[in-house]
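Please read them with the coordinates open.

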Amino acid sequence: MNKKSILMPHYGQIAGWCLLVLSFLIEIAKVLFVHDINVAWYFAKGAHITLIVSLFFICMSQEKVEDEMISGFRLKSIGITAYAFFVFLLFLSILLDVKPGPIFSNLENTTSAYLSEFFLIVLPLCLFILYYGVFKYMLWKSNKQ
Amino acid sequence: MKNTVRVERAILDITQQQLADAIGVSRNTINSIESGKYVPSTVLALKIARYFSKPADSLFALEEND
């Protein structure tokens, strides 16, 4: 049976881990050597993009032997991640006092700036980390048994 | 679903890794199938049956609660 996979080959994981190290190196270089805030911003953006891309490569690459049981684990992990994010975003929308966006930026206490930072930087990382964590936990548990 | 994969493997005196390599899955998957924690797809069940040269329904059987 010929099934096309949307996942990258296994060596994508190695590339992902290398990029992850690179993103930490960029961040360390920024803290240690960059004192100009404009240059630091470019370093921070570079580190963030490298981090997102590295997590994408790590999460979306096949295991050494990618069989149907592992595909099942991936599906379950995606389901759990989607469920967790649905609950989290629901609570977030209830708990946060969200004010209108940039159109109404003359209003006081707009939350849009904080939210955009949160949604663009923190949430994608959490998404990948939760998915990968759950997936690896399932693999580990299965191996242990 | 119960199965006799472990018995068949013992008869042929092969390891889980050898069986896994022969049918293209991980050793972990074979272990999970043998211990009844994972029910293989039809394709995988037929591949295992072909490897042991036996019909699939002699290796895999439904239990009462299935």
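**Notes on the predicted model**

1. B:Leu19 counts as buried because 22 C-beta neighbours lie inside 10 Å, and the cut-off for that class is 20 or more.

2. B:Leu19 belongs to helix 2 of chain B, which spans residues 16–23. When neighbours within four places in sequence are left aside, the contacts of B:Leu19 are B:Arg9, B:Ile14, B:Ile30 and B:Tyr51. A further pair to inspect is B:Leu19 and B:Phe52, which stand 33 residues apart in sequence, with a C-alpha to C-alpha distance of 9.8 Å.

3. Turning to the contact between the chains, 11 residues of chain B are in contact with 9 residues of chain A. On the chain B side, helix 3 (27–34) and helix 4 (42–51) each supply at least two of the residues that touch chain A, and the largest share, 3 residues, comes from helix 3 of chain B. By class, this side of chain B has 4 nonpolar, 6 polar and 1 charged residues.

4. Chain A has 4 helices and 0 strands, so that, by the DSSP runs used here, its elements read α-α-α-α from the N terminus on. Of the 145 residues in chain A, 11% are buried. Among contacts in chain A between residues at least 6 apart in sequence, 73% join residues that are at least 24 apart.

5. The domain assignment divides chain A into domain 1 (7–63) and domain 2 (67–145). Between them, 8 residues of domain 1 of chain A are in contact with 7 residues of domain 2 of chain A. The side of domain 1 that touches domain 2 in chain A is made up of 6 nonpolar, 1 polar and 1 charged residues.

6. A:Met8 lies in the segment before helix 1 (11–33) of chain A. Is A:Met8 buried, exposed or partly exposed? A:Met8 is partly exposed, because 16 other C-beta atoms lie within 10 Å, a count that falls between the limits of 12 or fewer for exposed and 20 or more for buried.

7. Leaving aside neighbours within four places in sequence, A:Met8 is in contact with A:Phe57, A:Met60, A:Ser61 and A:Gln62.

How values were computed
Residues are numbered from 1 along each chain as its sequence is written. Chains are lettered from A and ligands numbered from 1 in the order in which they are written. This is a predicted model: local features need pLDDT of at least 70, side-chain atom pairs count only at pLDDT 80 or more; totals for chains, interfaces and linings use all residues. Two residues are in contact if their C-beta atoms, placed from the backbone, lie within 7 Å. Domain bounds come from an automatic or database domain assignment. Ala, Val, Leu, Ile, Met, Phe, Trp, Tyr, Cys and Pro count as nonpolar, Asp, Glu, Lys and Arg as charged, and the others, Gly among them, as polar.
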